[in-house]
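I opened my notebook to look through this structure.

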Amino acid sequence: MLVVPAVAGLAFLVLPLAGLLIRAPWSTLPARLAEPHVLEALRLSLVSATVATACCLLLGVPLAWLLARVRFPGRRLVRALVTVPLVLPPVVGGVALLLVLGRRGLVGQWLESAFGVTLPFTTAGVVIAEMFVAMPFLVISVEGALRGADQRFEEAAATLGASRWTVFRRVTLPMVMPGVAAGAVLCWARALGEFGATITFAGNFPGTTRTMPLAVYLALETEPEAAIVLSLVLLAVSVVILAALRDRWVSTP
Amino acid sequence: MVRRRLSRWAALGRTVLGRTVLGRALPGRVGRGRVGRGRVSALPVALVLAGMAGLSGLGGCGAGEPAAGDADAREVTVFAAASLTGAFTELGEAFEAAHPGTTVRFNFGSSATLAQQIVQGAPADVFAAASPATMKTVTDATAAGSPTTFARNRLRIAVPPDNPARVDELKDLADPKVKVALCAEQVPCGAAAVKALEAARLKVTPVTLEQDVKATLTKVQLGEVDAALVYETDVIAAAGKVTGIAFPEADLAVNDYPIATLAGAGDAARRFVDLVLSRQGGDVLAEAGFGSREPGREPG
């Protein structure tokens with residue numbers, strides 16, 4: 001009996017996609033794809049989402065470990081704070097980033113005077129905006145995996161003289177690898193589709209900050225057909241990449 | 001019959017779940033006890049069907065809802081350019097006060113987005129655009145009434161109050177050290193900016209092309225850019241937070257704002273347009289900075 005709502009759910013998710021496919025201007029598709037600005041936006045999207053995911057792994061996995069393994073006062077509060085970017089409208093996230101990392105922001109001011117670095121309107125800004133909205137997906141996924149993992153292996157390693165770092169690297173991390181991989185995929189996918197925080201914090205300029213979702217939004221203003229083509233490209237690329245990675249990870253967890 | 005089919009589904013469910021989620025079979029008791037015996041009530045199905053009916057019902061409502069065409073429409077839906085937010089909200093209140101029982105609903109946004117929404121069948125009675133080009137998108141694709149120009153808006157250079165880059169004329173924007181935000185060319189304020197810069201024979205490389213004029217202005221308010229080209233009305237609306245600088249080329253890139261009733265609009269919609277075109281409407285718009293003000297006059 002679960003099948004009926006399941007099929008309804010599937011239809012709900014897939015039908016809009018079918019709409020895109022049906023309405024796609026197939027005859028002009030090759031010409032539109034060959035336009036340099038499409039490739040430019042696609043390349044920027046893939047690079048920034050991948051860099052953002054790598055940065056999220058560097059910061060997010062230790063954060064997840066902290067939440068799952070270390071007892072400290074206020075842990076519940078910290079866990080709730082980690083999920084804030086999930087509920088915050090991304091545009092507000094972008095404004096918040098501007099207030100902190102912008103040219104007149106709390107930290108940004110100092111960055112500019114000390115290092116001459118300004119983040120808004122740069123590709124680094126795109127990566128930061130994407131990290132902000134995507135990292136919670138990684139942290140939650142990895143934390144869940146860590147809680148599910150059997151801690152006795154870690155304890156055994158520790159009694160055999162392994163340091164905390166060795167335990168983490170040689171025992172914990174391999175055990176939760178599927179969780180890390182799943183989190184990284186979610187994180188990457190979220191970063192790839194990021195729009196609100198990016199356009200608010202990083203702005204929108206071809207080549208440096210105009211990612212695919214921004215290009216889609218702007219195309220929608222005047223040429224809905226071009227927007228459909230751009231969406232299809234983004235969709236096709238992400239489906240191919242996700243499918244390829246998933247197969248690899250599932251067969252060798 | 002039904003029972004047998006149910007148990008087959010349950011078995012299917014077990015294998016599918018077992019394979020994909022956990023990689024091992026679920027405890028059999030769960031499957032047999034609840035689903036296999038066919039004790040599952042029709043409730044979930046009913047809920048789903050009801051939900052679908054509800055959704056389609058809503059969809060139906062949405063499509064037929066504007067009550068357009070009725071002479072005694074009690075609701076006027078106005079799609080208006082974002083720059084009209086202040087003035088039109090005020091006019092809407094005046095209209096409701098003068099026509100008790102009639103409500104005016106506004107959808108403010110980028111003219112280009114609104115135009116696309118109307119072409120795609122959004123339920124609107126009146127469209128007030130920030131440029132003739134976006135209005136043309138609508139009049140070409142739908143049976144709208146003929147548009148009338150009701151306001152004009154010109155560009156200003158907006159700078160933060162402390163003017164960190166010491167911008168005081170248009171050619172300062174071409175300095176590569178000055179960070180400039182412009183509207184994207186797809187939206188009216190961006191098209192006007194391109195026109196003004198071309199008229200001045202200047203090549204400005206902005207750091208960002210914003211999706212609408214309000215977003216452009218925000219970048220100035222936050223001090224992220226040194227200057228931006230926005231409408232005079234936006235500078236007035238943000239008085240105190242940004243300073244406006246007039247420049248002569250602005251007169252070559254004046255945006256006309258057309259308004260039109262859309263297909264199926266009722267009398268109330270026409271009366272609203274009349275109000276916008278009336279002297280009272282003109283006064284409200286002039287107060288917001290629209291109209292033929294003297295170029296060079298600084299807003300407070």
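**Strand pairing in chain B**

I began with S6(B), which pairs with strand S7 (residues 208-210) of chain B in the parallel sense over three bridges. This is a predicted model. I looked up one partner: B:Leu182 is bridged to B:Leu209 in S7(B). Next I traced the path from S6(B) to S7(B), which goes through helix H7 (residues 188-199) of chain B. This β-α-β crossover is right-handed.

I then checked strand S8 (residues 227-231) of chain B. S8(B) runs parallel to S6(B), and two bridges join them. Here B:Val180 has B:Ala227 as its bridge partner.

Are the faces of S6(B) covered or open? Both are covered. I found B:Val180 and B:Leu182 buried on one side, and B:Ala181 and B:Cys183 buried on the other. In a regular strand, side chains alternate between the two faces of the sheet.

**The core**

I turned to the largest nonpolar core, which has 137 residues. B:Val126, B:Phe127 and B:Ala228 have the most contacts inside it. Helix H8 (residues 123-148) of chain A gives the largest share, 16 residues. Domain 2 (75-152 + 257-287) and domain 3 (155-253) of chain B both give residues to this core, so it lies between them.

I also listed contacts of B:Phe127 beyond four places in sequence; among them are B:Phe79, B:Leu114, B:Met135 and B:Leu262.

**Where the chains touch**

Last, I looked at the contact, with 22 residues from chain A and 24 residues from chain B. On the side of chain A that touches chain B, H13(A) gives the largest share, five residues. That side divides into 15 nonpolar, four polar and three charged residues.

Notes. Residues are numbered from 1 along each chain as its sequence is written. Chains are lettered from A and ligands numbered from 1 in the order in which they are written. This is a predicted model: local features need pLDDT of at least 70, side-chain atom pairs count only at pLDDT 80 or more; totals for chains, interfaces and linings use all residues. Two residues are in contact if their C-beta atoms, placed from the backbone, lie within 7 Å. Helices (H or I, at least four residues) and strands (E, at least two) are DSSP runs, numbered from the N terminus. Ala, Val, Leu, Ile, Met, Phe, Trp, Tyr, Cys and Pro count as nonpolar, Asp, Glu, Lys and Arg as charged, and the others, Gly among them, as polar. A nonpolar core is a set of buried Ala, Val, Leu, Ile, Met, Phe, Trp, Tyr and Cys residues joined through C-beta atoms within 7 Å. A residue is buried if 20 or more other C-beta atoms lie within 10 Å of its own, exposed if 12 or fewer, and partly exposed in between; C-beta atoms are placed from the backbone. Domain bounds come from an automatic or database domain assignment. Two strands pair if DSSP finds at least two bridges between them. A crossover is right-handed if, with the strands pointing away from the viewer, the path from the first strand over the helix to the second runs clockwise.
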